[in-house]
Amino acid sequence: MNISAINLAMPPTSLSVKSRHVAVIGAGAAGLVAARELRREGHSVVVFERGHEVGGTWVYTPQVEPDPLGLDPDRPIIHSSLYSSLRTNLPREVMGYIDFPFVTRPGENRDPRRYPGHREVLLYLKDFAREFGVEEMVRFETDVIKVGILGDGKWKVRSKKSSFNDNNEIISKSNAEFDDEIYDAVVVCNGHYTEPRIADIPGINLWPGKQMHSHNYRIPEPFRDQVVIVIGSSASAVDICRDIAPFAKEVHVASRSVADETYTKQPGYNNLWFHSMIDHAHEDGAVVFRNGKTVLADLIMHCTGYKYHFPFLDTKGIVTVDDNCLGPLYKHVFPPALAPYLSFIGIPWKIVPFPLFEFQSKWIASILSGRITLPSQKEMMEDILAFYSTLEVSSIPKRYTHCIGQSQFEYNNWLATQCGCQGVEKWREAMYSMASVNRSLRPEMYRDEWDDHHLVSEAYEDFMKYPSASNL
């Protein structure tokens with residue numbers, strides 16, 4: 001994402017600050033900080049959460065969906081995509097919210113590692129919710145059925161109490177009545193890790209093996225003595241192929257992001273190979289890669305990402321998803337025709353999520369109160385079209401519209417400037433860059449070996465100005 005042309009001047013401010021009645025959809029990392037910032041700005045907030053605790057995708061469950069590929073639209077949805085062994089792929093100092101550092105906290109079963117396991121992240125989010133009184137705004141076990149705009153510009157939110165079956169899958173109570181409520185604004189924070197994207201493989205319909213998406217991967221033991229093909233090159237593929245290698249007979253990783261002739265054996269393993277993408281599959285069980293190699297596989301695991309999915313949201317066609325581009329969205333947040341009363345948090349990817357959620361939340365809260373103002377609808381659309389044109393000229397596929405990567409810090413600092421608050425700390429940006437390099441150089445050990453001790457010291461010195469860290 002190129003935002004170098006963004007004007008960093010402060011936006012217009014308003015002397016008339018308004019309090020809005022705001023619905024927040026989801027109590028994960030985005031919804032929690034959205035609720036805090038909205039209330040800080042003086043708004044009345046209700047957070048809808050279909051689960052029974054805060055944390056969103058960071059709430060681990062061993063349960064998986066009955067459809068391993070996640071293609072059945074009527075399947076019971078498991079929200080989380082966590083696998084049992086998952087550790088963060090970013091250092092905790094980088095991950096945390098700006099003013100609530102992700103430091104090691106006292107308590108039983110806490111994980112002090114710099115790259116902790118998933119449970120420590122959930123506990124951190126619960127600490128955050130408790131510290132700022134967010135849970136009192138959350139309606140747990142409440143499923144949002146429909147969000148629609150009314151003629152007067154307000155929003156109707158229809159919800160229903162949900163419950164859990166014996167497999168801890170969320171189901172709607174058949175005898176529960178709908179609740180309809182009116183809100184001034186809706187902030188969508190439902191995450192985007194539940195609707196799998198599946199690779200298109202010629203011949204796969206006749207291939208006799210099993211397929212699944214990493215959304216339904218939890219533990220490696222079921223893959224014992226199997227020949228497994230993992231499709232993908234991002235964090236989940238890198239982790240999962242190494243997780244199952246000690247159990248599987250063979251693991252073959254296929255990736256679109258490497259040259260067609262790629263064929264390498266992973267050092268330190270006797271059964272893990274990296275290939276170019278799959279070319280086609282045969283009905284005799286063979287899978288042929290673009291490098292010409294053929295493997296008789298038992299299972300293909302798609303570590304191929306997710307689709308944006310908002311089944312509850314009715315915008316009369318104003319907001320759509322096309323090739324995983326959600327739009328039109330001004331700065332990945334506001335659809336111009338519905339701004340500022342509909343907004344999305346957490347759409348960008350390949351980012352440090354929690355700080356970005358925090359900056360987006362501050363911006364939304366300040367705009368809803370009228371303390372700062374958005375450009376006109378026409379100006380926002382012109383900005384969006386200019387951004388799309390930049391992507392097209394750069395030959396960036398539409399599905400990468402929200403992949404902002406290294407420019408996330410410029411984006412965050414732009415949001416901070418709009419809000420008049422501190423931007424991203426220099427140490428955080430430097431630590432992110434060094435962690436990325438370390439992960440590339442030491443994929444097996446980067447979580448336990450690093451060379452940025454000076455940045456860690458700088459981070460903890462910075463953390464001391466926040467009561468939540470200085471009192472530990």
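Here are some notes on this predicted model, taken point by point.

1. Confidence first. Average pLDDT for the protein is 93, and 93% of the residues score at least 70. The stretch to treat separately is residues 1–10, where pLDDT stays under 50. For those residues the model has 23 contacts beyond four places in sequence.

2. Helix 5 against helix 7. Helix 5 covers residues 353–369 and helix 7 covers residues 408–419; their axes come within 9 Å and cross at roughly 30°. Angles under 35 degrees count as roughly parallel, so helix 5 runs roughly parallel to helix 7. The crossing of helix 5 past helix 7 is left-handed.

3. Who touches whom there. From helix 5 the contact uses L356, F359, Q360, K362 and W363, while helix 7 brings Y411, N412, W414, L415, A416, Q418 and C419. By type, the residues of this contact between helix 5 and helix 7 come out as eight nonpolar, three polar and one charged.

4. Helix 5 also packs with helix 1. Helix 1 is residues 29–40, and the two pack at an angle of about 35° with their axes 8 Å apart. Here the crossing, helix 1 past helix 5, is right-handed.

5. The residues in that second contact. On the helix 1 side you'll find A29, A30, V33, A34, R36, E37, L38 and R40, meeting F354, F357, E358, S361, K362, A365 and L368 of helix 5.

6. Aromatics. The structure holds 26 aromatic pairs. One of them is F310 with F344, an edge-to-face pair at 5.3 Å centre to centre and 70° between the planes. This pair links distant parts of the chain, 34 residues apart: F310 sits in the loop between strand 17 (299–302) and strand 18 (313–314), and F344 belongs to strand 21 (residues 342–344).

7. Two cis peptide bonds to check by eye. One joins G327 and P328, with omega about 0°; P328 lies in the loop between strand 20 (325–327) and strand 21. Another joins A339 and P340, again with omega about 0°, and P340 is placed in the loop between strand 20 and strand 21.

8. Which residue has a positive phi although it is not a glycine? That's N109, with phi about 65°. You'll find N109 in the loop between helix 2 (92–95) and helix 3 (118–131).

Terms used
Residues numbered from 1 in each chain as written. Predicted model: local features only at pLDDT ≥ 70, side-chain atom pairs only at ≥ 80, totals over all residues. Heavy atoms only, no water. pLDDT = per-residue confidence, 0-100. Contact = heavy atoms within 4.5 Å. Axes fitted to C-alpha atoms, helices over the stretch in contact; angles between N-to-C directions. Helix = DSSP H or I, 4+ residues; strand = E, 2+ residues; numbered from the N terminus. Parallel < 35°, antiparallel > 145°, perpendicular 65-115°, else oblique. Left-handed = near helix turned anticlockwise from the far one by under 90°. Nonpolar A, V, L, I, M, F, W, Y, C, P; charged D, E, K, R; others polar. Phe/Tyr/Trp six-rings, centres within 6.5 Å; stacked < 30°, edge-to-face > 60°.
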